[in-house]
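Work through the exercises below with the sequence and the model open side by side. Each task is followed by a solution in steps.

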Amino acid sequence: MDWALLILKILLIFFVVYSLIKFFVFFFVNYDTRRKLLDSSYNGKSTATKISDIFLLSMVLLLMIFLYLSGRTEYLSFTTGLLVGMVLIQLYFHSFSEPLKSEESPEPPISPIKIMSYGIEASPGRAWRELLIMTVIFIWALYMLLTQGLGL
């Protein structure tokens, strides 16, 4: 279905741009500003992502539905992309195994995801290889979506 393919391409463009902005924030927004934003997001809670997690899970489901409806699902590319993405994220998280300094640690309550969030904010450059690979993939994907996908 042509309409499903167009919707999929538009959603992918927004998702890729969002992902690129998120990665660039680590390197263009200073730590103190990022830390204040993180502190205000958690604000005495053990999680700061319940609403965004629901939104992102919904986005994943929508992307998969529109991919299926478009008739462009190719099992080999899909499975390869899924595994590449999962391994990159796993390696990304493994980059943050160093203990935090006391001034970098979050206030209680401390959950595993909260400590990981603070660890990433304290030293996002630890995952530079994974971030570089993801950024190159996202830039390529955005280029392909805009040129071949939308014909711009």
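The model is predicted.

**Exercise 1. Locate Arg-34 and decide whether it is buried or exposed.**

Step 1. Arg-34 is found in helix 2.

Step 2. The relative accessibility of Arg-34 is 7%. The cut-off for buried is under 20%, so Arg-34 counts as buried.

Step 3. List the contacts of Arg-34, leaving aside neighbours within four places in sequence: they are Val-25, Phe-26, Val-29, Glu-121 and Pro-124.

**Exercise 2. State the overall make-up of the protein chain: how many helices and how many strands are there?**

Step 1. Count the elements: the protein chain has six helices and zero strands. Read along the sequence, the pattern is α-α-α-α-α-α.

Step 2. Take the extent along the principal axes. The C-alpha atoms fill a box of roughly 55 × 30 × 25 Å.

Step 3. Turn to burial and surface. The protein chain has 152 residues, of which 30% count as buried.

Step 4. Look at the contacts between residues at least 6 apart in sequence: 80% of them join residues at least 24 apart.

Step 5. Count the charged side chains. There are 12 positive and 11 negative ones, and the centres of the two sets lie 3 Å apart.

**Exercise 3. Describe the aromatic pair formed by Tyr-42 and Tyr-118.**

Step 1. A search of the whole structure gives seven aromatic pairs. The pair of Tyr-42 and Tyr-118 has 5.7 Å from centre to centre and 45° between the planes.

Step 2. Classify the geometry. Planes under 30 degrees apart count as stacked and those over 60 as edge-to-face, with the rest tilted. At 45°, the pair of Tyr-42 and Tyr-118 is tilted.

Step 3. Tyr-42 belongs to helix 2 (residues 31–42) and Tyr-118 to helix 5 (residues 112–122); the two are 76 residues apart, and the pair links distant parts of the chain.

Step 4. Check accessibility. Tyr-42 has a relative accessible area of 2% and is buried. Tyr-118 is also buried, with a value of 2%.

Step 5. Look for rings joined in a group: ring pairs link Tyr-92, Phe-93 and Phe-96 into a cluster.

**Exercise 4. Which residues of helix 5 are buried, and which helices do they pack against?**

Step 1. The buried residues in helix 5 are Lys-114, Ser-117, Tyr-118, Gly-119, Ile-120, Glu-121 and Ala-122.

Step 2. These buried residues pack against helix 1 (2–28), helix 2 and helix 4.

Step 3. Tyr-118 pairs with Tyr-42, and Glu-121 is in contact with Arg-34.

**Exercise 5. Examine the backbone at Asn-43 and at Pro-109.**

Step 1. Asn-43 is found in the loop between helix 2 and helix 3. Its phi is near 40°, a positive value in a residue other than glycine.

Step 2. The relative accessibility of Asn-43 is 61%. Exposed means over 50%, so Asn-43 counts as exposed.

Step 3. Pro-109 sits in the loop between helix 4 and helix 5. The peptide bond that joins Pro-108 to Pro-109 is cis, with omega near 0°.

**Exercise 6. Describe the surroundings of Thr-73.**

Step 1. Thr-73 is in the loop between helix 3 (50–70) and helix 4 (75–94). With a relative accessible area of 44%, Thr-73 is partly exposed.

Step 2. Beyond residues up to four places away in sequence, Thr-73 touches Leu-67 and Tyr-68. A polar atom of the Thr-73 side chain lies 3.3 Å from the backbone oxygen of Leu-67.

Definitions and conventions:
Residues are numbered from 1 along each chain as its sequence is written. This is a predicted model: local features need pLDDT of at least 70, side-chain atom pairs count only at pLDDT 80 or more; totals for chains, interfaces and linings use all residues. Side-chain values use heavy atoms; hydrogens and water are left out. Rings of Phe, Tyr and Trp (its six-membered ring) pair if their centres lie within 6.5 Å; planes under 30 degrees apart count as stacked, over 60 as edge-to-face and the rest as tilted. Helices (H or I, at least four residues) and strands (E, at least two) are DSSP runs, numbered from the N terminus. Buried means under 20% relative accessible area, exposed over 50%, partly exposed in between (1.4 Å probe, protein chains only). Contact means heavy atoms within 4.5 Å. A polar contact is a pair of N or O atoms within 3.5 Å; within protein, one must be able to donate a hydrogen and the other to accept it, and residues adjacent in sequence count only if both atoms are side-chain atoms. Lys and Arg count as positive and Asp and Glu as negative; His and the chain ends are not counted. The place of a charge is taken as NZ of Lys, CZ of Arg, CG of Asp or CD of Glu.
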